[in-house]
Amino acid sequence: MVPAVARPYQPLHMETHRAGSSQEEEPAPHEIKMRIRHLSAWYGTCRALSEITLDIPARSVTAIIGPSGCGKSTLVRCLNRLHEEFPGARRAGRVFLDDLDIYGPLVDPIEVRRRIGMVFQRPNPFPTMSVFDNVAVGLRLHSLARGEALAEAVRAALERAGLWKEVRGQLHRSGVALSGGQQQRLCLARALAVNPEVLLLDEPCASLDPVSTMHIEELIRQLKETHTVVIVTHNIQQAARLADYTAFLLHGTLVEAGPTAQLFTRPADRRTEDYLAGRFG
Ligand SMILES: Nc1ncnc2c1ncn2[C@@H]1O[C@H](COP(=O)(O)OP(=O)(O)OP(=O)(O)O)[C@@H](O)[C@H]1O
Ligand SMILES: [Mg+2]
């Protein structure tokens, strides 16, 4: 397993590392899980993203930051093919999951979304389903488990999401009868149940109180041991606390990306410095 420590990071030129036999004495960089290349996105004629090129390192947390409307949610929705579900939406450019071009002609978007799970800003358990069924839904959809194996997979997902102890006696209660923080962990369990490799979290703590927020942050720290996590956040402190890497977007373009400590202490671009200092956004 790749240790979850910041290592040399080259956003655009990983090919040199792959090919590089002359770099044996340097620590290996984080393996790259997703590669975004010249990604643009539109809603009708309105362009929301322009030519984004970015690498997402494996088994680490990458934060996407930037002011409201800069394209953070659009970007993460392009990473698991949710963007195309909006009427009139389109994209150009490529996104790779390992070596798979997720927009390739033979690729099933449902399978992409199984491998790249998502949790949204507002907890959105299926309102007519029980706690159990909310977690089981993806396992049933993909025919991944039945009977005892299904029950075990649901338990394991709830445990990973830090919710099992609180709901073990009430699995048949409605998912929406839980508290907001519990509902968000239920959504995390639902996403984890189908064993995704990447988790996209779009402001997962925005509607939560500080205690629930800390709980989710602790879970994210644990999850990055096994998963690649991309988190959109408005909260600069949250990015600083959680993220190994940070990408700063402005008006649909990527201003800069790199190890969080470097971006926060020595930003390469004046606009990043101004944003981090609270001068706009
Ligand atoms: N469904 C949609 N239809 C049309 N335009 C949209 C849609 N969703 C987003 N946009 C537009 O795309 C641009 C980027 O929006 P996006 O939601 O990605 O920004 P964001 O950075 O996530 O903002 P916020 O921080 O407020 O969530 C904005 O100009 C927005 O108005
Ligand atoms: Mg958003």
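What percentage of the 281 residues of the chain count as buried? The figure is 41%, where buried means that 20 or more other C-beta atoms, placed from the backbone, lie within 10 Å of the residue's own. This is a predicted model, in which local features need pLDDT of at least 70, side-chain atom pairs count only at pLDDT 80 or more, and totals for chains, interfaces and linings use all residues. Residues are numbered from 1 along each chain as its sequence is written, while chains are lettered from A and ligands numbered from 1 in the order in which they are written.

Start with the whole chain in cartoon view. The chain has 11 helices and 10 strands, taken as DSSP runs (helices H or I, at least four residues; strands E, at least two) and numbered from the N terminus.

Next, select ligand 1. Around ligand 1 are 13 residues, each near in the sense that its C-beta atom, placed from the backbone, lies within 6 Å of the molecule. Tyr43, Ser68, Lys72, Ser73 and Thr74 come nearest. At least two residues of the shell come from each of β2 (46-57) and α2 (72-79), and α2 gives the most, with 3 residues.

Now select α2. This helix is largely enclosed by the rest of the structure, because 7 of its 8 residues are buried. To display the buried residues, pick Lys72, Thr74, Leu75, Val76, Arg77, Cys78 and Leu79.

Last, step just past the end of α2 to Arg81, where phi is positive, at about 65°.

Notes. Buried ≥ 20, exposed ≤ 12 C-beta atoms within 10 Å, placed from the backbone.
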